[in-house]
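Work through the exercises below with the sequence and the model at hand. Each task is followed by a stepwise solution.

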Amino acid sequence: MFQRISIAILIAAACVDFARADSPSVTAVLSNSEATVGETVELQIKVTGPGDARPPEEISIDGLEIHSTGTSRQFEIHNFSTSSSVTYNYTILPLRAGRFTIPPQTVLAGGKILRTPELALNVADVPGQQSTTRPGRSAQGTQSQSTNARDMVFAELIVPKKTAYVGEIVPVQIRMGFDARVHPRLTEPPDITGQGFTSQKLQQSSQNLETINGRPFEVVTFKTAIAAARAGKFEIGPLQAKAQVVVPRRRNAPRSRSPFDLFDLDDPFSDPFFSNPFAQFGERRDVQITSEPVSLEVKPLPPNAPPSFSGAIGSFTMATDAKPKSVQVGDPITVTTTISGRGNFDRVNAPLLEDDRGWHKYPPSSKFKQDDEVGISGTKTFEMVVSPNENKQSLPVLAFSYFDPVKEQYVTLHSEQTAITVQGGAVAPAVAAQPPSSAPATASRGRAAVSNSNKPQDILYQLTEPSRTVASFEPLYTRRGFWVAQSLPLAALFVFAGWKIRRARLDDREARRIGALQHEATELMNKLRRDDASPREYYAEASRVVRLKAALASRNRAVDPNAVDAETASETFKLDTDSRDQLRRLFEKNDEWQYSGTHNSPGEISPENRRDVLELIENLK
């Protein structure tokens, strides 16, 4: 009886657990509750429980662009009880500042109608007020594609807009996650592949620690911007990068299997290496990181653009200022125009004068100050100098046009009417010649001095006093100083030409002498290679060749071959001890045959001696 009661209690408890597991639930969370205009925020709707779920297809909120970025599924086992969940990811792009409320969304799951909680999002105008991602938050399912390194890395390409216009700057966010236990190292930075668009340089925005699928991940965020070059449908990406991660070395001994192995899913993190990195040595492996591509539809700009449109696309404001506001005719006025906002500032040009009659304008200068990492938001300042050619009451109106992709129309900004004061008229005629009388001339100079002292100093006034230096209309070539100045470089040219001629003659004479010595040495070497010479002739010719070679090898041009002896030749060629002795014996043999009536040597030279002498002479270099 007691046994039957126990079995009944166990069956009832199992039924209760099954009923609880059968009941689906839904939650919703924002990655940040605070953001700035243009800064993307992630919305995740997580449905836990069995059965298929149907999330909201479209979420429409005025002032926010919300697009679906994908889904992910999780399957977990805790104490032999299983649970599954599906996470639906959305990207939110704020278009204006304010407090937005995301109402409860309806989700159909397991035949039941579920509602998400109401969420609030605060959007500020000033960049930099967005809260950073909180460590330890749940971010399941945010990755768009897992790499082949067994869920150790992931990459995500976030493009907040699905449609854009040609030339419009679209912000792009790249999220790359690495399991914190594998000590990642990025070997190749992320690169966005694709055609039909240009991308700006990647800028690393943040790096933080997040919990994904119950594991800590180091998530690195990059920011950039793209602009389409033509209309059509394009695929942005996929994102590609390479990294190295530390994984346990392969072992022959089997290791304990994780609960996932019950379903033939080998979990790499069940290895003891990740719980105790010092238990064994790890090895680095290269992994390829790839994300899913994102579709983007690019529309052409509408026709009939205003004349002041230069290709600027975005949302801008304009402010102008001019200094000075009181000038004379022909004086410069600096007009400073500041254009601020968000868009493609590389196509923002200086505003145009709507009516430039009576004005002379100069090319403007510009400088840009960006307010974010990729240069989408910022301020561009232009300085243009204009000068009135006649009396004017105000500056001409400036016009700047751009295309607003939100309103889908061209917008033209005009500067306010700026009042100025322009004095004076035509340029004053030249001062007449002064009469010869000294008194009137003195009075005229006095009046001119007073007039010049009272003239404003913003520009140079006209000179009315004659110069103290008397100008002469005598032709320049009739003056004596002109011909003296011309004779100096001419004399220097003659001296230089004479020096070059003398140097050429000396070089030619030396070249002829060297050529004669080389010719004589060549002829004597040819004779030495023949065997018909007597010992007296042979040793004379051999010593002569040594003297000629020493004279040619010496850097001193004054060396006479006849004055070269065995010691001089040895020093010239830097011979060793054996070669010095051999060269000394050669000269002694020559002296013996030339100056001694008798000699102790045989009447013929052996082939071995001839070979030794030729070898010695040929090695003199």
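**Exercise 1. Helix α6**

Task: state what covers the buried residues of α6, and identify those residues.

Solution. Step 1: the cover of the buried residues of α6 includes α5 (535-553) and α7 (577-595); contact means heavy atoms within 4.5 Å. Helices (H or I, at least four residues) and strands (E, at least two) are DSSP runs, numbered from the N terminus. The model is predicted: local features need pLDDT of at least 70, side-chain atom pairs count only at pLDDT 80 or more, and totals for chains, interfaces and linings use all residues. Residues are numbered from 1 along each chain as its sequence is written, and side-chain values use heavy atoms, with hydrogens and water left out.

Step 1: α6 spans residues 566-573, and its buried residues are Ala566, Ala569, Ser570 and Phe573. Buried means under 20% relative accessible area, exposed over 50%, and partly exposed in between (1.4 Å probe, protein chains only).

Step 2: these residues lie on the same side of α6 because they cover an arc of only 100° around the axis. The arc is that of the directions from the helix axis to the C-beta atoms.

Step 3: Lys574 follows α6 and has a positive phi, near 55°.

**Exercise 2. Helix α8**

Task: compare the span of α8 with the expected one, then locate its buried residues.

Solution. Step 1: α8 (residues 607-618) has twelve residues and reaches 16 Å from its first C-alpha to its last, close to the 16 Å expected at 1.5 Å a residue. The expected span is 1.5 Å times one less than the number of residues.

Step 1: Arg610, Val613, Leu614, Leu616 and Ile617 are the buried residues of α8. They cover an arc of only 160° around the axis, so they sit on the same side of α8.

Step 2: the packing partners of these buried residues are α4 (480-528), α5 and α7.

**Exercise 3. Strand β30**

Task: determine which residues lie on each face of β30 and which strands pair with β30.

Solution. Step 1: seven of the seven residues of β30 (398-404) are buried. In a regular strand the side chains alternate between the two faces of the sheet. One side of β30 holds Leu398, Phe400, Tyr402 and Asp404, the other Ala399, Ser401 and Phe403, and both faces are covered.

Step 1: two strands pair if DSSP finds at least two bridges between them. β23 (residues 309-323) runs parallel to β30 over two bridges, and Phe309 has Ser401 as its bridge partner.

Step 2: β26 (residues 352-353) pairs with β30 in the antiparallel sense over two bridges, with Leu353 partnered by Leu398.

Step 3: β31 (residues 409-414) is antiparallel to β30 over six bridges, and Phe403 stands opposite Tyr410. The two strands form a hairpin with four residues between them, where Glu408 in the turn has a positive phi of about 60°.

**Exercise 4. The chain as a whole**

Task: summarise the chain's secondary structure and burial.

Solution. The chain has eight helices and 32 strands. Of its 621 residues, 37% count as buried.
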